[in-house]
Number of protein chains: 2
Amino acid sequence: MSLTTPALAGKLAGLQSSAIRDLLKLTARDDVISLAGGLPDAALMPRERIAVAAEVALRDPAVLQYTESAGWPALREVIAARESAKIGRAVPVAEVFITHGSQQALSLLAEVLLDFGALVIVEDPAYVGALQVFRAAGARIVAVPLDGEGMRIDLLEDLLAAGERPAVVHTVSTFHNPGGVTLAPQRRRRLAELAQAHGFWVIEDDPYGELWFDAPVPAPVASYSPQVIRLSSVSKILSPALRVGWLIAPEKVCRAVELLKQGADLCGSALTQQITATLLTDTDWLATHVDSIRTTYGTRARALTTALRTTFADRLHCTDPTGGMFIWAEFLDNTDTSTLLPTALESGVAYVPGAAFAFADTTPNTLRLCFTTSDEATLAEAVARLVKAASA
Amino acid sequence: MSLTTPALAGKLAGLQSSAIRDLLKLTARDDVISLAGGLPDAALMPRERIAVAAEVALRDPAVLQYTESAGWPALREVIAARESAKIGRAVPVAEVFITHGSQQALSLLAEVLLDFGALVIVEDPAYVGALQVFRAAGARIVAVPLDGEGMRIDLLEDLLAAGERPAVVHTVSTFHNPGGVTLAPQRRRRLAELAQAHGFWVIEDDPYGELWFDAPVPAPVASYSPQVIRLSSVSKILSPALRVGWLIAPEKVCRAVELLKQGADLCGSALTQQITATLLTDTDWLATHVDSIRTTYGTRARALTTALRTTFADRLHCTDPTGGMFIWAEFLDNTDTSTLLPTALESGVAYVPGAAFAFADTTPNTLRLCFTTSDEATLAEAVARLVKAASA
């Protein structure tokens, strides 16, 4: 009776329960302020609106039946309209595929686009969920570093000039997790040009784009080329429990994803997809709702950076968050954040060491801080605890 | 820019959009009575109860947050208690894993349990969703025929005696789809003994077991051995849109499934899982609700078999449904049901030719009829149209 077959052993090697996930279990203690999570604030999720939308949706028996693998038609239409506005071209419904959160879009796409051993370019630091998927697919992974303007496209060009031929380049283009940065407009254009020139797919993974604080985000990479597959979800603006994500891709990609989705789980929930369609269609309410998340997260982000800069001064550099959920910080002395973590937990504060997101080179003096689920006073207290730990 | 990579081409070969699915598109015409579907009746789904449970669940912000990959704890507890009663031993929560419908349980299990080329035994005729999953996993598939008492375990024993060493034996043990039959108690026991003796896993796929008409079903195969992994869901008794299925398996299997689930789609919906927990916990209401489905389906099943037997007499044999959703019928003359189908559609009735479920030998004179979504008068009219087509 075989359980860990050789094939599974390979897959599991790529899917080891992530360091973040294991850490989250340790930081659930009441006396620890956790900036280690990566969750949106449940208190900001529209419970009453979802309840009303559910009650209305349930007047139609069809929302309780199996639905199409590609998604509930009403939701696909709303997403097509929204994405058309973002991408700047008319996106047909046939190019919209609804998934069980955008993680499923990523995992189904990896199956569609990657052969074993295919080259995938990721960012360093990387979104851990993408690393898991690409490793499980047996991809060869090469990482390109981020700087303050996102992925170093010049270094990607160097790789291409050296003869590397990626099947896929994956980027969290806006308000990067964990890096906090946004890919600059000229880099977006250049990345799309490279995809066209070299025949690779770009997966533009964009769960955070709506969460800008002061100014809307640049046009998506997908606005520059049809070889860019866009992924997003409502998890960060409505609720992860709707389990609604999507991909925007050429129809032939969507049809291949559809066959895999049928085998994977048949279809999504017509009920949660109709609720989502209702909320996304009420554009006045949605604008106010998302604005209030932006305001709250923006206030928290500024409180955290202010506390960090006031407290640590020249000892720590942190990103200037313009949106999203994360701040990326770097100790400018020799503080090793993995070594510091147990002391920090003792002092009552948790974060994720940057090494958890590093693809190749470990970056021992970096850390990711999530500001979404703590108010300003709590964030200030967290920083006070962190400096106490770092000065011990 | 590669789309259909060699690996994908292999997977898609196993995942060709099923004949049933393609057929369903053709039979959605208003003038066709479709007995071709495989859907529960949406009119019998508890819309009001789900609306109330949703409203109550949404008082807790936690139901809108990401949840554990293994499932919302309250639901895992309810399922553990229910399955304990069915299997006849105390099933710990650690052996309960919630999935996005039982199809996801099957696809994740195939990844965990099967290496490329591993032998899987299925039933013939087979559940098409299982064939898709096992083909996509690159399994070598051998089919064992059904008779009136379910899988021919004697023929499975012949295969084992001939040296075949399956990794997995898959059975829809109760109210088979499409075969309509139920595995007899002594065969259940023998199958479990063989699993123990030869070290293979049994996947007991049981979505229909609650839908008995006159008498409860035999003890599950899983009651005879821990090497039997049980799969079920609430899709047929509550609603497919809850997307709640589960597997009951040894903890080591559940932990491997958990790692794959994280990469596949992170987690399910705490909201629909809490709704499901609420409905399953209200046992008085549930008993009445499920009884009413049983009564309705039982009445429809009898109406269909009565009409078939009255109309076709000795020309057609059909199963005597004791539960579930399907009748399996066989023309005793040379009627080829694939050839007949276009004429039947012209006459205004649809069914699925048995060939769509055949693993190896085609069975040209068989057909599957679903009785769940038509009332008695409609079923009688469907049979009248079928005999007209078959006599043309």
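Me: Which strands do the two bridges to β14(B) involve, and how do they run?
Reply: Strand β13 (residues 352-353) of chain B is joined to β14(B) by two bridges, and the strands run antiparallel. Strands pair here if DSSP finds at least two bridges between them. Strands (E, at least two residues) and helices (H or I, at least four) are DSSP runs, numbered from the N terminus.

Me: What is the model, and how are things numbered?
Reply: This is a predicted model, where local features need pLDDT of at least 70, side-chain atom pairs count only at pLDDT 80 or more, and totals for chains, interfaces and linings use all residues. Residues are numbered from 1 along each chain as its sequence is written, while chains are lettered from A and ligands numbered from 1 in the order in which they are written.

Me: What stands opposite R368(B)?
Reply: V352(B) does. Strand β11 (residues 326-331) of chain B also pairs with β14(B), antiparallel over five bridges, and there A329(B) stands opposite L367(B).

Me: Is β14(B) buried or exposed?
Reply: Five of the five residues of β14 (residues 366-370) of chain B are buried, so the strand is largely enclosed by the rest of the structure. Buried means 20 or more other C-beta atoms within 10 Å of the residue's own, with C-beta atoms placed from the backbone.

Me: Which way do the residues point?
Reply: T366(B), R368(B) and C370(B) point one way, L367(B) and L369(B) the other.

Me: Switching to chain A. What is the strand order in the open sheet?
Reply: The four strands go β10-β11-β14-β13, with antiparallel pairing. β10 (316-318) and β13 (352-353) of chain A are at the edges with a single partner strand each, so one side of each has no neighbour in the sheet.

Me: And what is P353(A) bridged to in β14(A)?
Reply: Its bridge partner is L367(A).

Me: Helices now. How do α7(A) and α8(A) pack?
Reply: Helix α7 (residues 153-161) and helix α8 (residues 185-198) of chain A pack at about 15°, axes 10 Å apart. The axes are lines fitted to C-alpha atoms over the stretch in contact, and angles run from 0 to 180 degrees between N-to-C directions.

How values were computed:
Buried ≥ 20, exposed ≤ 12 C-beta atoms within 10 Å, placed from the backbone.
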